[in-house]
Amino acid sequence: MQTDFCKQLGLEVPIFAFTHCRDVVVAVSKAGGIGVLGAVGFSPERLKEELDWIDEHIGAHIYGVDTAIPQKYEGMDKNTPEELVAMLEAAIPQQHRDFANKLMSDAGVPEWPDKDDEISLSFSAVQAQALVDIALTRPKCRMIVNALGTPPADIVKQVQDSGRLIGALAGRLKHGLAHKEAGLDFVVCQGSEGGGHAGEVTSMILWPQMVDAVAPLPVLAAGGIGNGRQILAAMSTGAGGVWMGSAWLNSEEANAEPAQRDSYMSATSEDTVRSRSFTGKTARMLKNEWTEAWERDDTPDPLPMPLQGYLTFDAVRRSHRYAGSGECQKVAFNPVGQVVGQINSVESCRDIMFGLLTEYSEALDHINAITPQ
Ligand SMILES: Cc1cc2nc3c(=O)[nH]c(=O)nc-3n(C[C@H](O)[C@H](O)[C@H](O)COP(=O)(O)O)c2cc1C
């Protein structure tokens with residue numbers, strides 16, 4: 001499975017692991033693929049700490065960093081964190097704040113213990129620029145990837161001038177074409193079944209259309225890949241590699257609480273939903289009382305990005321810290337794709353990689369066996 005893109009990056013196999021956990025980044029890169037650290041939600045200080053750890057543990061291997069700058073968002077004209085915060089504070093109705101707080105307290109999730117003024121400016125260029133600046137000081141960070149839109153032209157230039165690659169996620173053909181037009185180096189094409197922000201068209205329809213539409217740019221197939229047979233299907237569409245997110249969430253290295261692991265292992269592929277209730281844009285996650293509550297006619301509608309993410313920041317951090325408290329899993333934010341129905345055990349990333357490649361080879365043998373020579 002040595003694609004040109006894989007050779008360009010010097011990888012053994014074109015398996016790209018999106019993850020928020022530094023241990024997963026290191027484990028996948030050491031196993032021959034490449035880990036890409038999701039930095040959305042990290043402060044610049046936190047990103048520095050995570051990258052220090054990765055640089056120290058990854059040896060001679062390489063990694064990537066992922067940011068999320070939406071194409072359009074409320075407050076795009078605000079150039080400083082202070083201005084953006086003032087706009088967000090003023091724009092969030094009290095009714096929304098009360099509703100979110102009540103859902104958390106009804107589920108028995110404790111308040112955040114420390115009096116802090118930590119806020120999240122995730123999903124804004126204000127935050128992302130600082131994160132990109134830090135990533136580009138790290139020689140082993142060889143790629144920047146952006147979610148939710150084509151990155152601004154100055155960031156594209158900054159990354160490429162530094163000798164690194166820049167790509168972006170696309171859930172619709174027109175987004176892939178916009179990435180190509182902006183001169184990006186590759187496109188991550190995510191179908192609807194994937195975890196996190198996802199569009200409406202399924203992977204099996206979208207991947208080959210994207211490969212044709214943005215050629216000769218390499219396309220990484222994402223959304224619904226959790227085993228070797230799915231890798232073979234993705235590669236058969238002409239993809240330059242596979243980009244997987246959900247498959248690592250329950251790995252040994254993942255930073256997941258036992259209650260969260262139980263939620264993944266007991267869920268079937270029918271237990272996810274695309275919901276705007278956490279970030280303001282449709283993202284696939286485990287269905288629960290929180291996602292259902294925001295859908296009802298008698299409750300507030302989710303706000304647009306980045307307002308809803310700013311509003312739910314406290315709920316998200318409480319739901320992770322207190323994952324096992326009260327009935328927290330009923331209101332927790334658990335983004336995951338439909339491959340969650342295939343997650344039935346806890347394995348190391350190395351074993352997951354080995355299993356993927358073994359099954360890929362067996363599936364290839366099967367195709368060869370049924371194809372007359
Ligand atoms: C927990 C979780 C969080 C995610 N957050 C981001 C993100 O911050 N940035 C991003 O580019 N993609 C994000 N994604 C999407 C992944 O990059 C990837 O495209 C997706 O997981 C692929 O589909 P799969 O879940 O079926 O493997 C997230 C996915 C998951 C499961």
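**Overall view of the predicted chain.** The radius of gyration is taken over C-alpha atoms, and the globule rule used for comparison is 2.2 Å times the number of residues to the power 0.38. For the 373 residues of this predicted model, that rule puts a compact globule near 21 Å, and the chain agrees because its radius of gyration is 20 Å. The C-alpha trace spans about 65 × 45 × 40 Å along its principal axes, and the secondary structure comes to 14 helices and 11 strands. Of the 373 residues in the chain, 54% are buried.

**Close-up of a positive surface patch.** Lys-72, Arg-172, Lys-174, Arg-276 and Lys-281 together form this patch. Lys-72 belongs to the loop that runs between β3 (63-68) and α4 (81-91), and Lys-72 counts as exposed because its relative accessibility is 66%, where exposed means over 50%.

**Close-up of two cis peptide bonds.** Most peptide bonds are trans. The bond from Ala-215 to Pro-216, however, is cis, with omega near 5°, and Pro-216 is found in the loop between α9 (203-214) and β8 (219-222). A cis peptide bond also joins Met-305 and Pro-306, with omega about 5°, and here Pro-306 is placed in the loop between α12 (289-293) and α13 (307-321).

**Close-up of a residue with positive phi.** Most residues other than glycine have a negative phi. Leu-148, which is not a glycine, has a positive phi near 75°, and Leu-148 sits in the loop that links β4 (141-147) with α7 (153-161).

Notes: Residues numbered from 1 in each chain as written. Predicted model: local features only at pLDDT ≥ 70, side-chain atom pairs only at ≥ 80, totals over all residues. Heavy atoms only, no water. Patch = residues over 30% accessible without salt bridge, like charges linked within 9 Å, V, L, I, M, F, W, Y side chains within 5 Å. Areas by Shrake-Rupley, 256 points an atom, 1.4 Å probe, with all protein chains shown as cover. Salt bridge = Lys/Arg side-chain N within 4 Å of Asp/Glu carboxyl O. Lys, Arg positive; Asp, Glu negative; His and termini not counted. Charge placed at Lys NZ, Arg CZ, Asp CG, Glu CD. Helix = DSSP H or I, 4+ residues; strand = E, 2+ residues; numbered from the N terminus. Buried < 20%, exposed > 50% of the residue type's maximum accessible area, 1.4 Å probe, protein only.
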